Amino acid sequence: MTAVSAPAAGVAPIIRLSGLHKRFGDLHVLRGIDLDVQPGERIAIIGSSGSGKSTMLRCINFMEMPSAGRIEIQGRQIGTPGRAQADGTVPVQYSQAQLCDVRRSVGMVFQQFNLFPHMTVVQNVMEGPVTVKGESRATAHAKAMQYLEKVGLANKADVYPGRLSGGQQQRVAIARALAMEPQVLLFDEPTSSLDPELVGEVLAVIRDLGEEGRTMLLVTHELGFAYHFATKVIFIADGVFHEVGPPEELLKHPQQERTQRFLERFTAFSF
Ligand SMILES: Nc1ncnc2c1ncn2[C@@H]1O[C@H](COP(=O)(O)OP(=O)(O)O)[C@@H](O)[C@H]1O
Ligand SMILES: [Mg+2]
């Protein structure tokens, strides 16, 4: 993988999170997250189960509404802040149009693929461009075939997802995300539900996307892959960034004791 130079000063981040909090009732999951994602960055997010990794990604594409803080995408704050409450919190209103915009610019790939079982592979990939972006079926079909080609599955266009292996289904899910032509891709443990022999084909597709210079956030337990893939690694613990650094430092020479303890539990990876 080619090294990526430091982002030029003054380049607007694609995503900026400032003071992001998320609560589910009494459960305070995200406790103040600040993050700038620059164009071309590939960020690996690691941490124990329940630490808030998925919640962070789900807030970035507004599948979950933040409880506090700001999310800017390409320099625009998402949501309209209202009047400050007595306790100092500022409620934010989100319009459907704005959330639709977010879903065009932020693509997401899930652990469980989430393909529509009653649609063929190519129909799955066309669905977003047709319904969200208003593309004609002919245009959407042609593009869908290009993206299926890219993930090596053009020959499966007309089969139903149930006929595919998990690795193939996940590659279709990646093609589906790409078909929306997003500015940034979020991957939430994309290989965690795959049989071990199918992990490699999905990681190869993600690696290729990195080589194209795409901006990506990847939650993963594949630390060996993260080491080679990422321009930056974030260790989340208890809803905050406990340690952040280049892969070489964070994965090989972590400074924080808690990061060291987390990494020690992974005995089966090598760089
Ligand atoms: N919709 C929800 N409602 C209530 N609690 C939730 C919800 N989503 C996640 N949580 C809780 O938030 C915490 C963080 O979850 P999650 O972000 O999925 O962690 P991770 O992805 O790091 O394993 C967990 O305790 C989880 O049970
Ligand atoms: Mg998760």
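This is a predicted model: local features need pLDDT of at least 70, side-chain atom pairs count only at pLDDT 80 or more; totals for chains, interfaces and linings use all residues.

Student: How much space lies in the largest pocket?

Tutor: The largest pocket holds about 530 Å³ of space, and among its 21 lining residues those closest to the centre are Arg-103, Gly-128, Val-132, Arg-176 and Met-180.

Student: Which helices and strands each supply at least two residues of that lining?

Tutor: Helix 2 (96-105), strand 8 (106-109), helix 3 (121-131) and helix 5 each do, and by class the lining of the largest pocket comprises 11 nonpolar, 7 polar and 3 charged residues.

Student: Switching to cavities, how many of 30 Å³ or more turn up?

Tutor: The search of the whole structure finds 1, and the largest cavity has about 30 Å³ of space.

Student: What gives the most to its lining?

Tutor: Strand 4 (residues 68-73) does, with 3 residues, and the lining of the largest cavity, which includes Phe-62, Ile-71 and Tyr-94, has 6 nonpolar, 2 polar and 1 charged residues.

Student: Now the helices: at what angle do the axes of helix 5 and helix 6 cross?

Tutor: The axes of helix 5 (residues 166-179) and helix 6 (residues 196-211) cross at roughly 20° and come within 8 Å; since angles under 35 degrees count as roughly parallel, the two helices are therefore roughly parallel to each other.

Student: Is that crossing left-handed or right-handed?

Tutor: The crossing of helix 5 and helix 6 is right-handed, and the contact involves residues including Arg-171 and Ile-174 of helix 5 and Val-202 and Leu-209 of helix 6.

Definitions and conventions. Residues are numbered from 1 along each chain as its sequence is written. Chains are lettered from A and ligands numbered from 1 in the order in which they are written. Side-chain values use heavy atoms; hydrogens and water are left out. Axes are lines fitted to C-alpha atoms, for helices over the stretch in contact, and angles run from 0 to 180 degrees between N-to-C directions. Helices (H or I, at least four residues) and strands (E, at least two) are DSSP runs, numbered from the N terminus. Angles under 35 degrees count as roughly parallel, over 145 as roughly antiparallel, 65 to 115 as roughly perpendicular and the rest as oblique. A crossing is left-handed if the near helix is turned anticlockwise from the far one by less than a right angle, and right-handed if clockwise. Contact means heavy atoms within 4.5 Å. On a 1 Å grid over the protein atoms alone, a cavity is a set of points where a 1.4 Å probe fits but cannot get out, and a pocket is an open set with protein on both sides within 12 Å along at least five of seven lines; lining residues have an atom within 4 Å of a point. Grid points are joined across faces, edges and corners, and a volume is the space filled by probe spheres set on the points. Ala, Val, Leu, Ile, Met, Phe, Trp, Tyr, Cys and Pro count as nonpolar, Asp, Glu, Lys and Arg as charged, and the others, Gly among them, as polar.
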